[in-house]
Number of protein chains: 2
Amino acid sequence: MAATKYPLFTEENSVEAVNARMGGDIDPRLREIMSVLVRHLHAAVKEIEPTHEEWLTAIDFLTRTGQMCNEWRQEYILLSDVLGVSMLVDAINHRRPSGATENTILGPFYVPEAPRYARGANICLDGKGEPLVVGGFVRDTAGNPIEHALIDVWQTNDDGFYDVQQKGTQPDWNLRGVFTTDGEGSYRFRSVKPRYYPIPDDGPVGKLLGRLGRHPNRAAHIHFIVSAEGYDPVVTHIFPPDCQYLDQDAVFGVKESLIADFRTQQEDAVGEDEGLKAPYWQVDWDFVLTKRAKI
Amino acid sequence: MAATKYPLFTEENSVEAVNARMGGDIDPRLREIMSVLVRHLHAAVKEIEPTHEEWLTAIDFLTRTGQMCNEWRQEYILLSDVLGVSMLVDAINHRRPSGATENTILGPFYVPEAPRYARGANICLDGKGEPLVVGGFVRDTAGNPIEHALIDVWQTNDDGFYDVQQKGTQPDWNLRGVFTTDGEGSYRFRSVKPRYYPIPDDGPVGKLLGRLGRHPNRAAHIHFIVSAEGYDPVVTHIFPPDCQYLDQDAVFGVKESLIADFRTQQEDAVGEDEGLKAPYWQVDWDFVLTKRAKI
Ligand SMILES: [Cu+2]
Ligand SMILES: [Fe+3]
Ligand SMILES: [Fe+3]
């Protein structure tokens, strides 16, 4: 045949044949992303050597995963979550100096504009669960207190559901609130001990988890976004150490540095937490923010 | 924290953390496939270092690709095609001894049970295009003729559409037919010279091709499935060498060994093709089948 501008496809040069087709003046970042994806995708196919039927099963899985998505359900994010990709992207984008609070994933249940509360308020509006006090400081990496930092907190109720999953059943804004640090960088609020809950597992991703011998449960956690003027906001959780799923969070969100000491208090609270009856749980937890990178 | 059965996720050990979660008694092939996929997927993410926005763009693309699919449109197969994955899977599953006719992809427009025709019949029912005679032999790898081999052939009309894409416009079964080899293994039929046509490019995959500076056209081709009792069927094409897209088929279907010699005939046909007026095209093309592997 005549000389060709582009190489013909063979099993051996498949990556080059595909990547050589990209035009000369396309977006350079898109070129980089696609050439890396094609290289690893072909490497995976060559290692797996899928049969035609296995390939068709993959096509069908990807199709059904897309078709499961609607305005309130994002099955592809779930897939990314259970394959550890969401945590990996989060880790890559939030490498922080040691000592700074580590990030973990945001999750699908964050709602902005939660009620602002005064120090010590109780965000549990349905009365369910074991009482908990969380308090501590927000500081910079040198240990200086940060005043006026915002602590945006949310968690499930004791039945394992977020308020937005049970509109009409739970009080609006149950277990959500925004607190502010004082002049010492101190914050404090009341809530209930968090519990584990399953990610939605009635779709293709849940079925895959089942076939992989995995359960859909997230380790018990409380979500936080901590932010302050001039600092990088941190999106994070704290985890009680006694959750049976601590080492097997379905979305890999647990980091060693985010496991908190949940202490049982056997006597009624005095002083600031006056009125809280024993037994209750208490966590001292500090957040350390890094200065925002200058742009 | 207490000793854990499963490793916690870190950027460094992300692959191990995910793959360690698979249960002990799951399907071993599924375990192999998923562990290879997770390893290459994480390697790609670590190399790309996507921003959160890029990750979300990928999630959105995968979602829309699934949602573009319906009973007559399979956008994920298109994606597999334009990334060279379909050809790679085809190549892996059809490694044949040198000299045997090579496979290429089936494509979405095959229709079983096309009309059976006698030797020399014309499958072009709409009268469009430049006349073509295709003829040759079906043999085994030792050169022996194979009698009663079936040659199932299909192609677009001269406007670049398959009959099934233009029901009511094209005659039913236009440019489709099944021929049989005689005692010498010989076959012969009339048709028209094939032309290039675009794959469907009004969806997410077409938009991606556009951003990659790629066109959606397939190199001109005629499809064949050649089968005979006791032999592996071959799914293949032949390509005219003068198509402008020969070295840039959008789905990478072109193989060197499948480029045929399309000769122009400047005199009216005599003998077997009597009645065919000049100018017309002629291709001599032999198929070589391999014995079916004993199971
Ligand atoms: Cu790889
Ligand atoms: Fe959560
Ligand atoms: Fe075709």
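Select B:Arg29 and A:Glu54. These two side chains form a salt bridge, with their closest N and O atoms 2.7 Å apart. Keep in mind that you are looking at a predicted model.

**Widen the view to the interface**

How many salt bridges cross between chain A and chain B? The rule finds eight across this interface. Now colour the two chains separately and select the residues in contact. Chain A brings 75 residues to the contact, and chain B brings 75 residues as well. Together the chains bury about 7000 Å² between them. Of that area, 66% lies on carbon and sulfur atoms.

Next, pick out A:Phe9, A:Arg21 and A:Asp247. These residues supply 11% of the area that chain A buries against chain B.

**Go to the iron ion**

Select ligand 2, an iron ion, and show the side chains around it. Which residues coordinate this iron ion? They are A:Tyr162 and A:Tyr197, each through its OH atom, and A:His221 and A:His223, each through its NE2 atom. The distances run from 1.9 to 2.2 Å.

Check the angles at the metal. The four donor atoms subtend angles of 86 to 167°, so the arrangement is irregular. A tetrahedral site would need all angles between 85 and 135 degrees.

Now trace the donors along the chain. Their spacing is Y-x34-Y-x23-H-x1-H. Stop at two of them, A:Tyr197 and A:His221. A:Tyr197 sits in strand S5 (residues 197-198) of chain A. A:His221 sits in the loop between strand S6 (217-218) and strand S7 (222-227) of chain A. The pair therefore ties together parts that are 24 residues apart in sequence.

Is A:Tyr197 buried or exposed? A:Tyr197 is buried, with a relative accessible area of 5%. A:His221 is buried too, at 2%.

**Finish with the cysteines**

A disulfide is a covalent bond between the sulfur atoms of two cysteines.

Select B:Cys69 to see one case. The closest cysteine sulfur belongs to A:Cys69 and is 12 Å away, so the two are too far apart for a bond; the cut-off for a disulfide is 2.5 Å. B:Cys69 counts as buried, at 9% relative accessibility.

Then select B:Cys243. This cysteine is in no disulfide either. The nearest cysteine sulfur, in B:Cys124, is 18 Å away. B:Cys243 is buried, with a relative accessible area of 13%.

How values were computed: Residues numbered from 1 in each chain as written. Chains lettered and ligands numbered in written order. Predicted model: local features only at pLDDT ≥ 70, side-chain atom pairs only at ≥ 80, totals over all residues. Heavy atoms only, no water. Donors = N, O, S within 2.8 Å, 3.2 Å for Na, K, Ca; no water. Tetrahedral: all angles 85-135°; square planar, octahedral: opposite > 155°, others 65-115°. Helix = DSSP H or I, 4+ residues; strand = E, 2+ residues; numbered from the N terminus. Buried < 20%, exposed > 50% of the residue type's maximum accessible area, 1.4 Å probe, protein only. Contact = heavy atoms within 4.5 Å. Buried area = accessible area lost by both parts, 1.4 Å probe. Salt bridge = Lys/Arg side-chain N within 4 Å of Asp/Glu carboxyl O.
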